[in-house]
Amino acid sequence: MSTYTPMTASDNSSHSRSTAPKRSSSQGMSTVSVHGGEARQKPYDAITDSIVCSSTYTFEDTQSIIDFIEQDGQREEYGRYGNPNERIVENKLAALDGAEEAVVFSSGMAAIVGLLMAKLNAGDEIVFFDQCYHRSREFCFKHLSRFGVITHQVPTGDFDAMAAAITPKTKLLVSESPTNPQLTCIDLEQFAALGKEHEVETLIDATLATPFNIKPLDFGIDYVLHSATKYLGGHNDLLAGSIAGSKEKVADIRGLRGIMGGINSPHNLFLLQRGLKTFELRMQRHNENGLALAKFLSQHPRVEHVYYPGIDNHPTHQIARQTMRGFGGLVTFLVKDADWRQTADIVDRARVARIGPSLGGVESLIEQPLVMSYYTQTPQNRRKFGIPDNMIRLACGIEDTQDLIADLEQALDT
Ligand SMILES: *Cc1c(COP(=O)(O)O)cnc(C)c1O
């Protein structure tokens, strides 16, 4: 991971900070979540980092501006390029992902858009596995296409189809793992190998897995992306996104962010840093709840099918077992012999889980993908994207497992 050498406040030594210590991988994930990326001694000797509210940063004199430019000095200049709170969070996220560097955006979508815009030129092609966040797909087909970038979609997990779609113009292979909402897990070693074989870069959106469950960079993937709005922030109170990779590969993404301005405010970053302190603890409960609810739903007479990589009927259970530490809090299921209205009735009867989009926060959320994300799509399109009318997506929070089970039990009981 990169380290941050902060500017030294020349007139007040108690405001200066020592360089953030490098976190070796020998430290456990909770220790990294709490201390990673942070200086040991902080301004005002506070144990927490201050929120540094400043849109611009001052220079002592003209010579110090010239020194900053010529020596590419590690200090702040203007808030669109970076701020102290952002650097701390970036270093913490880089440490969690096992990356040299991370760059944080104002949302997961800003991160995806930033990466694609930084890396692609007119005439380039990208290949996607087709189960993916619908807005990522929309950006590629509706907007990247306007700049002459061609997107190919192939069935998720079909590496032969992906290899066949690669041309000399292909610049990037993209997948989520697990995918949303079917929770298909990708063989990351094979994905990285395919990219290397064809000299094409690879991107994994690991939002649903988080660095607790998988570390795509360890498998040779070039970029790992997270919507930090979900598990990393973890409290349904902020939006953010991150991209981690090598210093060299991340540099132009950071450069573009400084122009497009998709950076977080220091207040938002304080919340994200605060949320990350308990990341490892929260993930343990999310994983426990996800597995328990998947098992409960699998045995329920009103449930036709459960999609959860941690149970053995899932098509990618073996891949998940080999590559993941846990399987996450998201559980998708189909209600037996139910039309869309009867399915909606079950969602409406939930009393602990709240009805809403998103996932990864401490509060459980329940939704029917047909209504929440695909309401305006044609039935053919819903079938194509694998969204049946009787599908429910439950994003387990960190409530007590037995309360979530009881909630689903009463919701399913007609
Ligand atoms: C939510 C989500 C995104 C988008 O992130 P935002 O922070 O909402 O912009 C991208 N990918 C996946 C898998 C997501 O769940």
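**Close-up views of the predicted model**

**View 1. The lining of the largest cavity.** The residues that line the largest cavity divide into seven nonpolar, one polar and two charged. The model shown here, as in every view below, is a predicted one. The space within this largest cavity comes to about 60 Å³. Its lining is formed by Ile112, Leu116, Phe128, Cys132 and Ser136, together with Val174, Glu176, Leu203, Asp205 and Leu225. Three elements, α4, β4 (170–176) and β5 (201–205), each supply at least two residues of this lining. In total, three cavities of 30 Å³ or more are counted in the model.

**View 2. The shell around the ligand.** The ligand is surrounded by 13 residues, of which Met109, Asp205, Ser227, Thr229 and Lys230 are the closest. Which element gives the largest share of the shell around the ligand? Helix α4 (residues 108–119) does, with three residues. Sorted by class, the shell holds five nonpolar, five polar and three charged residues.

**View 3. Polar side chains at the ligand.** For Thr229, an N or O atom of the side chain is 2.6 Å from an oxygen atom of the ligand. For Ser227, the corresponding distance from a side-chain N or O atom to a ligand oxygen atom is 2.8 Å. For Lys230, a polar atom of the side chain lies 2.8 Å from an oxygen atom of the ligand. How much of the ligand does the protein bury? Taken alone, the ligand exposes 380 Å², and 94% of that is buried by the protein.

**View 4. An open sheet of five strands.** The strands of this open sheet follow the order β8-β9-β12-β11-β10, and their pairing is mixed. Because β8 (303–307) and β10 (354–355) stand at the edges with a single partner strand each, one side of each has no neighbour in the sheet. Strands of a sheet pair through backbone hydrogen bonds, in either a parallel or an antiparallel sense. The pairing of β8 with strand β9 (residues 330–335) is antiparallel and runs over four bridges. Within this pair of strands, Tyr307 has Thr332 of β9 as its bridge partner.

View 5. Most residues other than glycine have a negative phi, and most peptide bonds are trans. The bond from Ser177 to Pro178, however, is cis, with omega near -10 degrees. Pro178 lies in the loop between β4 and α7 (188–197). Asn180 and Pro181 are likewise joined by a cis peptide bond, with omega about 0 degrees. Pro181 is placed in the loop between β4 and α7.

**View 6. The backbone at Thr210.** Is the phi of Thr210 positive or negative? Thr210 has a positive phi, about 65 degrees, although Thr210 is not a glycine. This residue is found in helix α8 (residues 210–213).

Note on methods
Residues numbered from 1 in each chain as written. Predicted model: local features only at pLDDT ≥ 70, side-chain atom pairs only at ≥ 80, totals over all residues. Heavy atoms only, no water. Near = heavy atom within 4 Å. Polar contact = N/O pair within 3.5 Å; in protein donor to acceptor, adjacent residues only side chain to side chain. Areas by Shrake-Rupley, 256 points an atom, 1.4 Å probe, with all protein chains shown as cover. Nonpolar A, V, L, I, M, F, W, Y, C, P; charged D, E, K, R; others polar. 1 Å grid on protein atoms, 1.4 Å probe; cavity = no way out; pocket = protein on both sides within 12 Å on 5 of 7 lines; lining within 4 Å. Points joined across faces, edges and corners; volume = space filled by probe spheres on them. Pairing = 2+ DSSP bridges.
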